[in-house]
Amino acid sequence: MVLRMTRPTKRPESSFLTFRKRVPADILAKARGQSVTIHFPPSAADNATTVTVKLGEVVKFSLRTRDPVVAKSRTGVAEARLQSVWESIRSGPKRLTHKQIVALAGQLYEAFAKSVEDDPGSASVWQKVIADNDAAQKGAFANGLKIFTDDQERQADSLAKRFGPLVDVVLQREGLVIDDMSRLLLLRQGGFALSDAAKKLKKNAEGDYSPDPTAARFPIWEGVEQPKATAATTITSLFDGWKKEAVKRNLSQSTFDEYTSRIGMFLKWLGHDDALKVEPSTVVAYKEHRLELVSAKTVKDCDLVTLKAIFGWAKENHKLPSNPAEGIRVRVAKKTKVRERSFTEPELKVILKTAQSYVQTAKMEHPKMAAAKRWLPWLCAYSGARIGEVAQLRRKDFDQSEGVWFYTITPEAGDVKTKEARRVPVHEHLVTEGLIRYVEGVADGYLFMNAKTREDAIKRLGPVKNRVRELVRTVVTDPNVAPNHGWRHTFKSRAMGADMRDRLVDIITGHAAKTEGDKYRNANDKTLASGMSKFPRYELKSE
């Protein structure tokens, strides 16, 4: 019976967290005494580290961190590595093909060719390495006290002395147990690869950093007898299955677009579409790769959220035995707040004035795009709505109730985050500015984009929001305030100053009820109009 220790533990004698896992009984006799090397990639909180542990009844070693988040991530890496070792032991020593041997030698080449290329040191040092490697190939490093039956045996001993420790690291990293002949051939090819790496570093030391043609000779390591993905276990098929179910839950198109993009990036980095090959260590490696390119918040809220959702769905629906992204996290530092998220008085005035005076300037600009730049900042200013919600308004979404104009933000027109329609009274300032005249002048359909259907509007929404954002950024350049979403904070702040009731403001802005009781408190048109009448006009005249 396998004892699964999925959580790091503490030892009384050390502040470091500890990994502990029992070796399966069916392989204990063969595994006992073998050494396994486990490499932990760097994280935001800790540097990379490598541990080598000798197998007994229990595998136990320090995770070399006090951080519980890092420790949990390393536990996942260790379990994945040991699982591959268990399977390798069960299936017995493998015989590698020539291509596989050269591919593993290529890992040695890459490790050495890139490790010190920035500061390779003296060319003479690498010349000596080349000479020693050549001598090892001829048997010069063999044990001088040992009697050999022939030159071939002497050369094998020499290769093991010179290259054995490095070859073993590669084998242990891949969880491989190989037969004697494969090991001998790997020692020889590994020696050739290390000599090639030394020659490359010698050229670097001499100032030659021209493109490296040698690296191309090594094939990509594809593993040994890896399980092949069926149509049901490709990452693409799992994503399609998740999406089919998610459509029934009415998730927004923007969510589908975001997940499609994230899965695409993951597949491109991964280089294959086999979900069975994705281990916790794979996800950790991808996390570290992404952290080099984007912020920790993006990795946490976009990359990992996507992988956890897709693989979690696969686990729940018995498509995969486990979720390889489960428990893998990114610690995000609290963002320093240097200002309020709402616009300052000078900022809101210049935005509204810029929109007010905007006229179509480019011949290729569609009149509805020009109208979006004119009216969307004003609509957001007097509603606190998300810009996408007002950008997808249609002519038929406007109507009058007891002499007051309203518009309805509805999922029928496009994506609405809450999935619920809501009524918003048109502030009298918008009426005097001419919004209703513009609305009545549009024959039918969408007011701010040239779209015919809901699906078409969803596709066209992004460019509309981006063009408005770009316009605002020409006058408000502070990166600490969002050019579109800043109105949401501004509206609520001004509403509070006008003593508008909190629940009424939440209804207008589309914020969720704060309590269970608030869910029972709705507002009719008269109440909404009365509340909006309290909201102060934005005075644009300079004082």
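Helices (H or I, at least four residues) and strands (E, at least two) are DSSP runs, numbered from the N terminus. The model is predicted: local features need pLDDT of at least 70, side-chain atom pairs count only at pLDDT 80 or more, and totals for chains, interfaces and linings use all residues. Residues are numbered from 1 along each chain as its sequence is written, and side-chain values use heavy atoms, with hydrogens and water left out.

**Exercise 1. Helix α11**

Task: Determine what span helix α11 should have, and state which of its residues are buried and which helices they pack against.

Solution. 
1. The expected span of a helix is 1.5 Å times one less than its number of residues.
2. Helix α11 (residues 345-356) has 12 residues, so it should span 16 Å. Its end C-alpha atoms are 16 Å apart, which agrees.
3. Buried means under 20% relative accessible area, exposed over 50%, and partly exposed in between (1.4 Å probe, protein chains only). In α11, the buried residues are Glu347, Leu348, Lys349, Ile351, Leu352 and Ala355.
4. These buried residues pack against α12 (367-381), α16 (454-473) and α17 (486-497), where contact means heavy atoms within 4.5 Å.

**Exercise 2. Salt bridges**

Solution. 
1. A salt bridge is a side-chain nitrogen of Lys or Arg within 4 Å of a carboxyl oxygen of Asp or Glu. The structure holds 35 salt bridges.
2. Glu110 counts as partly exposed because its relative accessibility is 43%, whereas Lys114, at 52%, counts as exposed.
3. Asp397 is buried at 5% relative accessible area, and Arg394 is buried at 9%.
4. Arg460 is partly exposed, at 37%.
5. Beyond these pairs, a network of salt bridges links Glu258, Arg262, Arg290 and Asp303.

**Exercise 3. Two loop residues**

Task: Locate His318 and Asp499, and decide whether each is buried or exposed.

Solution. 
1. His318 lies in the loop between α10 and α11. Its phi is positive, about 60 degrees, although His318 is not a glycine. At 72% relative accessibility, His318 counts as exposed.
2. Asp499 lies in the loop between α17 and α18. Asp499 also has a positive phi of about 60 degrees and is not a glycine. With a relative accessible area of 61%, Asp499 is exposed.

**Exercise 4. A residue of helix α18**

Task: Describe the surroundings of Asp506.

Solution. 
1. Asp506 belongs to helix α18 (residues 502-509).
2. Its relative accessible area is 3%, so Asp506 is buried.
3. Leaving aside neighbours within four places in sequence, Asp506 is in contact with Lys492, His511, Ala512 and Lys514.
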